[in-house]
Amino acid sequence: VFVGRGQRTNQPTPMRHSLLFCLVKQSHHLIRQHRTIAQLHPIVLTMAASNSKSNVSTAAALGSCHWIDWESDFILSRMYDPTRLFSFLVCFIMFLRFLQGHEWNLEALVMGFFLNPYVILFFVTACGVTYNGLVRLNERPKTDQSSSSSSLSNIYYKFRSLPIYDQWAAEWYWWNAWLYHGVMDGAAGTLQAVPVVVSQYHILDKRFSNHHSVPWTIGLIEILIMQPLSLWTMYAILTKSSYRFPLECVITTLHMMGAVMFVFAEVYEGQLNVPALDPVGAPGNRWANIQLFNEYQLIYYWFGFWFCNFIWIWVPLYRLQRAVLECARAFQQQQQQQTQQQHKID
């Protein structure tokens with residue numbers, strides 16, 4: 001799986017095993033520096049060659065290796081999109097708790113979320129931007145499609161033709177744009193306009209029902225700045241635009257800023273508002289009522305307040321690191337080209 005695009009080689013088994021051992025041992029350097037197998041330390045090449053039946057076949061195998069795309073061929077990329085899984089989990093918990101508190105009234109759920117005009121507006125907008133971005137993608141689908149195939153199927157195969165890393169990145173910003181920034185934190189948290197989400201936010205944090213300045217301001221920033229910026233970043237990823245990574249530097253910084261302000265402002269004030277019905281903090285002791293195995297705190301405090309906000313710190317931090325490295329690489333290449341042109345002039 002380390003050679004080519006996750007396909008086995010036709011080389012003898014001992015050579016493959018020795019290469020696998022050496023590559024695992026050198027994985028830290030490979031991940032950080034994106035080296036090829038042929039650029040490893042000479043000891044690695046010597047070990048691989050000595051354990052193979054044919055030094056010629058080993059050299060040929062090493063010479064035919066491509067760059068290792070860890071973000072596309074890593075074993076975790078074979079799993080289901082984590083952003084999609086997390087979003088389904090959030091929606092499932094939110095819908096279930098809403099139904100439990102409203103005597104399993106499905107009509108209230110449908111009218112309060114699925115047919116809510118804000119939900120429809122943000123969802124249709126995100127889908128429209130996605131469709132437009134994939135239509136403009138200058139890469140043909142990597143599949144044999146007949147001329148009678150529908151445009152939607154072509155759009156699907158265009159999306160699937162993107163590297164897995166870009167698929168995950170685009171879907172992360174898609175969910176952020178319409179669900180988290182637009183519907184939940186913006187329309188529900190600040191505008192109080194989505195009943196299903198509003199009811200759960202009032203149970204999660206008293207600051208929403210008291211119109212506290214921190215969640216109100218963060219929600220306003222999300223609906224006015226982060227939501228369109230997430231759509232723009234997703235569009236740049238789908239169209240393979242050159243401004244994709246500069247945009248990611250901006251939006252990831254805003255994500256981390258919002259999560260840190262929302263969580264640590266409440267911790268600093270003593271945690272007197274989370275969870276709303278039974279706060280963790282008390283005057284003089286912000287951890288007075290903390291419980292690990294209480295169902296209410298497990299859902300609304302540990303999952304809703306800490307875990308969910310931690311996602312918007314860890315994921316943007318990872319994406320920011322990648323974006324900064326890509327921008328630095330582009331500047332380095334530009335400087336090298338300018339230096340070469342200057343040498344030619346001289």
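Helix axes are taken here as lines fitted to C-alpha atoms over the stretch in contact, with angles between N-to-C directions running from 0 to 180 degrees. The structure is a predicted model. Two packed helices are described by the angle between their axes and the distance between the axes. In these terms, helix α10 (residues 164-190) and helix α15 (residues 295-345) have axes that come within 13 Å and cross at roughly 135 degrees. That angle makes α10 oblique to α15, and the crossing of the two helices is left-handed.

On the α10 side, the contact is formed by Y165, A169, W172, Y173, N176 and Y180. Their counterparts in α15 are I311, W312, V315, P316, Y318, R319 and R322. By class, the residues of the contact of α10 with α15 comprise 10 nonpolar, one polar and two charged.

A search of the whole structure for aromatic pairs returns 27. One of them joins F264 and W306 in an edge-to-face arrangement, with 6.3 Å from centre to centre and 80 degrees between the planes. Because F264 belongs to helix α14 (residues 244-268) and W306 to helix α15, this pair ties together parts that are 42 residues apart in sequence. Both residues are partly exposed: the relative accessible area is 43% for F264 and 24% for W306. W306 also pairs with Y301; the ring centres are 6.5 Å apart and the planes stand at 85 degrees, so this pair is edge-to-face. Y301 is buried, with a relative accessible area of 0%. Ring pairs link Y301, W306 and F264 into a cluster with Y201, F208, F262, W302 and F305.

Backbone geometry was examined next. Most residues other than glycine have a negative phi, and most peptide bonds are trans. The peptide bond from V274 to P275, however, is cis, with omega near -20 degrees. P275 is located in the loop between α14 and α15.

Positive phi values occur at W104 and K240, neither of which is glycine. For W104, phi is near 55 degrees; the residue is found in the loop between α6 (82-101) and α7 (106-114). With a relative accessible area of 52%, W104 is exposed, because the cut-off for that class is over 50%. For K240, phi is likewise near 55 degrees, and its place is in the loop between α13 (213-238) and α14. K240 counts as partly exposed, at 45% relative accessibility.

Notes:
Residues are numbered from 1 along each chain as its sequence is written. This is a predicted model: local features need pLDDT of at least 70, side-chain atom pairs count only at pLDDT 80 or more; totals for chains, interfaces and linings use all residues. Side-chain values use heavy atoms; hydrogens and water are left out. Helices (H or I, at least four residues) and strands (E, at least two) are DSSP runs, numbered from the N terminus. Angles under 35 degrees count as roughly parallel, over 145 as roughly antiparallel, 65 to 115 as roughly perpendicular and the rest as oblique. A crossing is left-handed if the near helix is turned anticlockwise from the far one by less than a right angle, and right-handed if clockwise. Contact means heavy atoms within 4.5 Å. Ala, Val, Leu, Ile, Met, Phe, Trp, Tyr, Cys and Pro count as nonpolar, Asp, Glu, Lys and Arg as charged, and the others, Gly among them, as polar. Rings of Phe, Tyr and Trp (its six-membered ring) pair if their centres lie within 6.5 Å; planes under 30 degrees apart count as stacked, over 60 as edge-to-face and the rest as tilted. Buried means under 20% relative accessible area, exposed over 50%, partly exposed in between (1.4 Å probe, protein chains only).
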